[in-house]
Amino acid sequence: MGFHTNVFFPGVYHIEDALGVCMTLLCGSREALLVDAGFGLEDLAAYAAAVTDKPVRLVLTHGHYDHILGAGYFPEAALFPEDLPLAHEHEFEFWRRRVLEAAAERGIPADERAVLEAPAPVWTELREGTLDLGGLSVRVIRCPGHTRGSAVFYIPERELLLTGDDWNPCTWLFFAEALPVWDYRRNMEKLLELPFRHVLCPHRNELYERAMLEDFILGLTEEKLPAAKPVDTGAWLGIRTMEAAPAPGQILVFDAAKYDGSEEA
Ligand SMILES: [Zn+2]
């Protein structure tokens with residue numbers, strides 16, 4: 001299979017699919033929790049079952065197609081209800097064809113029928129609170145930002161935060177479903193109250209230290225954001241995107257229409 005896995009801590013598997021998006025499998029002594037499902041090119045449920053013999057429950061950080069299309073290999077998938085309309089939209093053939101095009105461009109073999117016709121799972125409602133997997137617990141946290149229904153997950157036993165697309169070293173905050181920049185910063189700041197020391201995100205198969213995320217969030221300031229430069233990422237959507245550098249080597253791409261310059265406005 002085209003999955004590439006890093007085991008960063010006992011019971012914590014960061015699984016990258018063939019197109020480069022990552023999921024995280026958290027294995028307790030009683031059950032396992034899979035955070036995100038990737039592009040759906042290959043049978044993720046079979047892969048997870050080869051990693052753990054415990055029952056695997058699927059939760060999704062948000063409704064974008066690169067995180068949900070693999071959910072079709074599972075009977076159920078939970079996400080915050082705010083992102084359910086987005087997940088329905090991203091199940092459509094348009095997005096599945098994008099996956100096939102990306103695979104073809106990179107010479108990755110794909111079963112076209114399986115990708116186009118994979119059924120959607122039964123969508124269930126993700127709830128805030130703590131899940132006990134047996135020796136490993138997971139706190140489910142609502143953190144609107146990248147999308148309105150974005151979820152982050154905190155694993156106290158590993159001092160680990162899973163940010164979903166609310167944070168990657170290059171964070172996208174420009175789709176219609178994204179929050180304005182200052183609302184995003186306020187929600188992200190609340191995460192810094194948690195005593196995590198390590199961070200995993202979906203678009204890198206790397207473990208980051210807390211300071212990386214902290215520098216990013218605290219770098220979203222009234223001094224640094226005005227230095228943002230136009231970048232054409234959202235041109236196909238008719239969005240005027242700007243690129244800011246809140247911290248060295250890190251980028252926030254946002255919608256100029258959702259940034260008014262003053263944090264208090
Ligand atoms: Zn996303």
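Guide: One definition comes before the rest: Ala, Val, Leu, Ile, Met, Phe, Trp, Tyr, Cys and Pro count as nonpolar, Asp, Glu, Lys and Arg as charged, and the others, Gly among them, as polar. This is a predicted model, where local features need pLDDT of at least 70, side-chain atom pairs count only at pLDDT 80 or more, and totals for chains, interfaces and linings use all residues. Residues are numbered from 1 along each chain as its sequence is written, and side-chain values use heavy atoms, with hydrogens and water left out.

Visitor: How many nonpolar residues are in the lining of the largest cavity?

Guide: A cavity is a set of points on a 1 Å grid over the protein atoms alone where a 1.4 Å probe fits but cannot get out, and lining residues have an atom within 4 Å of a point. Residues that line the largest cavity include C22, D36, G164 and C201. By class, four of the lining residues are polar and one is charged, while the number of nonpolar ones is seven.

Visitor: Which strand gives the most to the lining of the largest cavity?

Guide: Strands (E, at least two residues) and helices (H or I, at least four) are DSSP runs, numbered from the N terminus. The top contribution to this lining is three residues, and they come from a strand spanning residues 22-27, namely β3.

Visitor: What is the volume of the largest cavity?

Guide: A volume is the space filled by probe spheres set on the grid points, which are joined across faces, edges and corners. The whole structure holds four cavities of 30 Å³ or more. For the largest cavity, the volume is about 60 Å³.

Visitor: Which element gives the largest share of the lining of the largest pocket?

Guide: A pocket is an open set of points with protein on both sides within 12 Å along at least five of seven lines. The largest pocket holds about 730 Å³ of space, and 31 residues line it, with Y65, D66, W172, F175 and H203 the closest to its centre. Two or more lining residues come from each of α2 (65-68), α3 (84-89), α4 (93-105) and β12 (170-173). The largest share, four residues, belongs to α4.

Visitor: And which element gives the largest share of the lining of the second largest pocket?

Guide: The second largest pocket has about 200 Å³ of space. R57, L58, V59, A78 and T124 are the closest to its centre among 15 lining residues. Strands β5 (56-59), β6 (76-79) and β7 (122-125) each give two or more residues. The largest share, four residues, is that of β5.

Visitor: Which strands stand at the edges of the open sheet of six strands?

Guide: Two strands pair if DSSP finds at least two bridges between them. The order in this sheet is β8-β9-β10-β11-β13-β14, with mixed pairing. Each edge strand has a single partner, so one side of it is left without a neighbour in the sheet; these strands are β8 (129-132) and β14 (208-209).

Visitor: Is C22 buried or exposed?

Guide: A search of the whole structure finds zero disulfides (pairs of cysteine sulfur atoms within 2.5 Å). For C22, the nearest cysteine sulfur is that of C201, 7.5 Å away. Buried means under 20% relative accessible area, exposed over 50%, and partly exposed in between (1.4 Å probe, protein chains only). Because its relative accessible area is 3%, C22 is buried.
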